[in-house]
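The points take up helices and aromatic pairs in turn.

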Amino acid sequence: MSTATLTVRDGLVAPWGEWERRHTRGRRLLEAGTYALTEGAIAAGCRCFAGYPITPATDIAEYMSKRLPQVGGYYMQCEDELAGMHTCAGASLGGLKAMTATSGPGYTLMHDAYGWALTNEIPLVVVDAMRVGPISGITGAPGQGEFYVSRYCTHGGNFETIVLSPSSVQEAFWLTIDAFNLAERFRTPVTILTDQVVSDMWEDLFIPADYAGLDFVVPRQHNLQMPFFPVGSAAIDVAPNIVGRGTGVCVSAYTHTPEGYDIEEMEAQWAQSYRLVNKIRFHRAECTRYEAVGVEDAEVIAVAYGATARTVKTAVLEARRRGVRAGFVRPITLWPFLDELFERDCHYVVCELNYDGQLVREVMRAAPDKKKVHFMGKSAELHTVAEVTAALEAVPHSGKVPALPYIWTEVR
């Protein structure tokens, strides 16, 4: 059994660090994050996309409508987001790798289908390109308001989820392949929680020449026999179920038997919950991805994910140049939450694109002293390097973030 022990070290801890070193033959392009998310899915073997357009994820649907027919796949424009995710789940149960993409308002509409896919252990990938809210907010401005929504992405409880977040166009490509790998290995939906900046911006992008030669892609396996799920086991790398083809397997929204049929008995509920929760909890180490800078001697560590991490990391480097022992932590795996990243007894400055404070609450829970955890909330535009540098210089001496325009520091 894998364990969740983790020794935080500087650098990037993610499988694509090694993938990039081994696969160097290909094309260099200037492309958007939505293009990278699409090509990453194609490279991972995705052959079905179903969804409903919404800014800033619409370009993913447009790219998919062009690319999937070229590789023998299927694109479906659905009547809404709920139908899109259910269609993807159906495609996955038919044996295809599948993906859908949306933004905040559409993501919340998917939650019935999300629970359906969770409980029936259906691998698929969901992209949520966050924009500022609440509700429809500003379609062309970034937000980070679905941190908790992505964890509790359906009703009823009794489950764990896997959520990843990229911070660049290149990382969006590799991370999408990784998301498909995790979905297959854990037999579960995996959410890519990106944002309007990473989705819409254009950057240098390397695309490998031969997708068929990517030996790290987890191929789709087909479970053509009972049982539906291994009772009493938290095992991963169990082949996903296929409906039809004489398997006799059923899928249902209800608590089910090992064969997938409805049942209203406590023993079945316990067995199903054990499986859905512990297949991820017992294998957290398999999901660990993060980036860190200067954490070994840090007196104050800046924490950020997604696009926000880009300016925050630059601010940390600037603060260190000015003599501040500043560190940087970027969780790439948002869920399951990596508590071990915050075991160091020092100050933390958590920067995120919302005013209510979401990531900061988890850092407060995980850190040795929550009074040393400080919030820098902003909305609709990235933190500037000057703002974060000012906070990193002030916090070790005053114990608080200085007053700055448009920055909220209160967590209630």
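1. Helix α13, residues 385-398, comprises 14 residues and reaches 20 Å from its first C-alpha to its last, close to the 20 Å expected at 1.5 Å a residue. The model under discussion is a predicted one. Within α13, the residues E387, V388, T389, A391, L392, A394 and V395 are buried. An α-helix has 3.6 residues a turn, so residues three or four places apart point the same way.

2. The cover over the buried residues of α13 includes β12, α11, β13 (326-331), β15 (347-352) and β16 (373-377). After the helix comes G399, with a positive phi near 75 degrees.

3. Helix α4 (residues 81-93) has 13 residues, which at 1.5 Å a residue should span 18 Å; the end C-alpha atoms of α4 are 19 Å apart, in agreement with that value. Its N-terminal end is capped by D80, a side-chain oxygen of which lies 3.2 Å from the backbone nitrogen of L82. At the other end, α4 is followed by G95, whose phi is positive, near 110 degrees.

4. The buried residues of α4 are E81, A83, G84, M85, C88, A89, A91, S92 and L93. These buried residues pack against strands β3, β5 (97-102), β6 (124-132) and β9 (189-195), and against helices α5 (104-109) and α6 (111-119).

5. Turning to the aromatic residues, the model contains 19 aromatic pairs. One of them is formed by F49 and Y75, whose rings are stacked at 5.8 Å centre to centre, with 0 degrees between the planes. Because F49 lies in strand β3 (residues 46-51) and Y75 in strand β4 (residues 74-77), the pair ties together parts that are 26 residues apart in sequence. F49 has a relative accessibility of 1% and therefore counts as buried, whereas Y75 is partly exposed, with a relative accessible area of 28%.

6. A further pair is that of F147 and Y305, with ring centres 6.1 Å apart; the planes stand at 40 degrees, so the pair is tilted. F147 belongs to helix α7 (residues 147-151) and Y305 to the loop between β12 (300-303) and α11 (308-321), so this pair ties together parts 158 residues apart in sequence. Both F147 and Y305 are buried.

7. Ring pairs link F147 and Y305 into a cluster with Y148, W335, F337, F342 and Y348. As a separate item involving an aromatic ring, R151 lies over the face of F159, at 5.5 Å from the ring centre.

Note on methods: Residues numbered from 1 in each chain as written. Predicted model: local features only at pLDDT ≥ 70, side-chain atom pairs only at ≥ 80, totals over all residues. Heavy atoms only, no water. Phe/Tyr/Trp six-rings, centres within 6.5 Å; stacked < 30°, edge-to-face > 60°. Helix = DSSP H or I, 4+ residues; strand = E, 2+ residues; numbered from the N terminus. Buried < 20%, exposed > 50% of the residue type's maximum accessible area, 1.4 Å probe, protein only. Lys NZ or Arg CZ within 6 Å of the ring centre and 35° of its normal. Expected span 1.5 Å × (residues − 1). Contact = heavy atoms within 4.5 Å. Polar contact = N/O pair within 3.5 Å; in protein donor to acceptor, adjacent residues only side chain to side chain.
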